[in-house]
Amino acid sequence: MNLFRSRRPALAIVALALGVAGCSTPAGPDAPRSTDQNTTADATTAETPPSNPGTEPTGPESPRTGDHGVAISIPELPIGGNANPAGQEKLCADASWLQPETLPAGGVKVSRIQADPPTGFHVGGKCGRLPSCASFTFRTDEDHCSVEVTGSGTAEGAQLKFTGGFTCPPGRESSCRELTARMNPGAIGFSRPETTTEPEAPTTEAPPSSSR
């Protein structure tokens, strides 16, 4: 009996197994695992929702900033009153609103006060017990304010005029302008300021001449 023949098949099987083992690449500590890459990619896809840049968010539109109304200017307010003497070359004007039906809900704020004609007059602050008309807001026809006018200008034909305005609510510009169109310009006429005058020299009559 030949014993070498029975061992050859076994040696061939062992050599074949070693060759297959030598061709395979050993997995080192730095080599990424294929199963881990697939798991990470699947987790990232599941957490991040697909973006759609062409879709706008739905829901009510947020209010736009700056929509606080439109400023309406009034060149000449419907103001009336009196300007009476209050000292040497000084007048104290009492101003009020003449058309209560034309006052908007928020009132009208004074932005400018001027004498017309301005030559010889200076418009100042308050006088008396009334508040100053500068930056004053007329809300009703019962509101009053005061203006001090100084100077030695010619009072005949001179007037005190007011400029102002108010804020019109958004979307109501047409009705606000219609309201201002119904306002009649007003003014305060000046009285003649008091001036210092030299006292008249007393006149003495000469005694009648005596006739002999």
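## Surroundings of Ser 96

In this predicted model, Ser 96 is in contact with Pro 78, Ile 79, Gly 80, Phe 138, Asp 141, Asp 143 and His 144, when its neighbours within four places in sequence are set aside. Ser 96 belongs to strand β3, which covers residues 90-97.

The relative accessible area of Ser 96 is 12%. Because buried means under 20% relative accessible area, Ser 96 counts as buried.

Phe 162 is part of strand β8. Its relative accessibility is 1%, and Phe 162 is therefore classed as buried.

Apart from neighbours within four places in sequence, Phe 162 is in contact with Pro 75, Glu 76, Leu 77, Ile 79, Ala 95, Val 110, Arg 112, Ile 113, Cys 133, Val 147 and Ile 188.

## The largest pocket

The largest pocket holds about 280 Å³ of space. Its lining consists of 17 residues, of which Pro 104, Ala 105, Gly 106, Phe 166 and Thr 167 are the closest to the centre.

Which elements each supply at least two residues of this lining? They are β4 (108-116), β8 (159-168) and α3 (173-181). Strand β8 gives the most, with 4 residues; this is also the strand in which Phe 162 lies.

How values were computed: Residues numbered from 1 in each chain as written. Predicted model: local features only at pLDDT ≥ 70, side-chain atom pairs only at ≥ 80, totals over all residues. Heavy atoms only, no water. Buried < 20%, exposed > 50% of the residue type's maximum accessible area, 1.4 Å probe, protein only. Contact = heavy atoms within 4.5 Å. 1 Å grid on protein atoms, 1.4 Å probe; cavity = no way out; pocket = protein on both sides within 12 Å on 5 of 7 lines; lining within 4 Å. Points joined across faces, edges and corners; volume = space filled by probe spheres on them.
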